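I opened the notebook today to record what I looked up, entry by entry, with the cut-offs written beside each term.

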Amino acid sequence: MSEQTNHGVDEVLPPQRLAALGIQHVLVMYAGAVAVPFIISGALGLSPEQRTLLINADLFACGLATIVQSLGFPGVGIRLPVMMGVTFASVAPMLAMIGAGKAAGATPVATLLNIYGAVIASGVFALLVAPLVGRLIRFFPPVVTGTIIAVIGITLMRIGIGWAGGALPTVKKPIDGVMGDFPNPAFGHPENLAIAAIVLVAILLISRFFKGFLANIAVLLGIIVGAIVALALGKVNTALIANAPWFGLIYPFQFGMPTFDFWSIVTMCIVMIVVMVESTGMFLALGEMTGKPIDSKELTKGLRADGVGTILGGVM
């Protein structure tokens with residue numbers, strides 16, 4: 001483990017507070033993390049069992065990457081409260097790879113293994129260039145990092161609006177064996193928008209009128225309020241949960257050994273550069289929020305952890 005410091009960001013809270021804040025972090029990142037494998041598995045036409053494996057592996061890799069990033073190991077991990085999730089920057093390139101795979105007559109699993117190979121290679125690329133990007137910290141004054149964070153937030157708004165509507169604006173259905181997009185009649189239903197509004201108002205009210213620990217878990221409490229309202233309206237279907245196993249085994253290369261295509265690797269390496277720029281802005285912003293100065297050395301550790309997390313995603 002990396003060296004310990006006396007900075008407040010390294011304080012270990014009581015177990016009950018750690019548990020509540022940890023659950024809140026997971027629930028906040030969960031929708032975005034699950035959305036990406038849903039999109040990719042739908043485009044690939046994977047079976048429900050394969051989709052479940054993909055989502056389980058996705059969440060497992062997110063957990064491993066979060067431990068690496070926040071706990072820190074020698075030369076890897078920025079030791080800030082970072083929840084490692086899934087970037088939507090990779091969705092469009094992956095969908096392009098899927099389209100190319102279908103055009104070439106590749107099976108869905110073969111295309112997925114090609115994507116995994118490109119992801120692993122891009123993680124190795126991130127490890128190699130992390131020191132170089134870390135030295136570019138002088139080109140990231142507050143106006144640049146603030147702009148990056150603003151752009152990230154604006155980009156994520158469409159995802160939040162989509163989930164507030166209750167689903168995605170379109171659904172994929174097969175047309176003569178080919179997946180096509182159809183308008184989703186359930187999107188934007190008043191009940192869905194009302195539940196989203198209740199969650200938002202609950203979070204704002206808790207943040208405004210409560211202090212201390214309760215204010216810190218406002219998002220978690222808002223999600224609980226929304227879940228209770230959805231349950232009362234009969235919008236929670238527990239059948240799939242009831243029939244699902246309590247435990248699932250996750251192991252490396254469960255879909256098979258990855259394949260490595262040059263142009264796919266180049267594409268994902270470009271995506272990785274974008275991700276590293278986003279991460280740089282996020283790390284610097286977190287440093288400001290926690291009062292912990294981020295220098296070139298610390299930034300390099302954080303970017304290396306991004307690379308390690310990407311490799312773990314491809315392996316798992």
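Entry 1, the loops. I began with Arg79, which lies in the loop between helix 2 (48-71) and helix 3; helices here are DSSP runs of H or I with at least four residues, strands are runs of E with at least two, and both are numbered from the N terminus. The model is a predicted one, in which local features need pLDDT of at least 70 and side-chain atom pairs count only at pLDDT 80 or more, while totals for chains, interfaces and linings use all residues. I also note that residues are numbered from 1 along each chain as its sequence is written, and that side-chain values use heavy atoms, with hydrogens and water left out.

Arg79 has a positive phi of about 55 degrees although it is not a glycine. With a relative accessibility of 10%, Arg79 counts as buried, a word I use for under 20% relative accessible area, with exposed for over 50% and partly exposed for what falls in between (1.4 Å probe, protein chains only). I then turned to Phe253, another non-glycine residue with a positive phi, near 55 degrees. Phe253 sits in the loop between helix 9 and helix 10 and is partly exposed, at a relative accessible area of 30%.

Entry 2, salt bridges. I took a salt bridge to be a side-chain nitrogen of Lys or Arg within 4 Å of a carboxyl oxygen of Asp or Glu, and the structure holds two of them. In one, Glu191 pairs with Lys235, and their closest N and O atoms are 3.6 Å apart. Glu191 belongs to helix 6 and Lys235 to the loop between helix 8 (218-232) and helix 9 (239-243), so this pair ties together parts that are 44 residues apart in sequence. I found Glu191 partly exposed at 32% relative accessibility, and Lys235 partly exposed as well, at 38%.

The side chains of Glu298 and Lys301 also meet in a salt bridge, at 3.8 Å from N to O. These two are three residues apart in helix 11 (residues 296-315) and are therefore separated by about one helical turn. Glu298 is buried at 15% relative accessibility, and Lys301 is buried at 7%.

Which residues form a nonpolar patch on the surface? I listed Val201, Leu205, Phe209, Phe210 and Leu214, with about 480 Å² of accessible area together. Patches are made of residues with over 30% relative accessible area and no salt bridge, like charges being joined within 9 Å and nonpolar side chains (Val, Leu, Ile, Met, Phe, Trp, Tyr) within 5 Å; the areas come from the Shrake-Rupley method with a 1.4 Å probe, and for residues only the protein chains shown count as cover. Helix 6 (residues 190-209) gives the most to this patch, with three residues. Phe210 is placed in the loop between helix 6 and helix 7 (213-216), and is partly exposed at 41% relative accessible area.

Ala92 lies in helix 3 (residues 91-103) and counts as exposed, at 53% relative accessibility. I noted that the C-alpha atoms of Ala92 and Val271 are separated by 9.9 Å, although the two are 179 residues apart along the chain.
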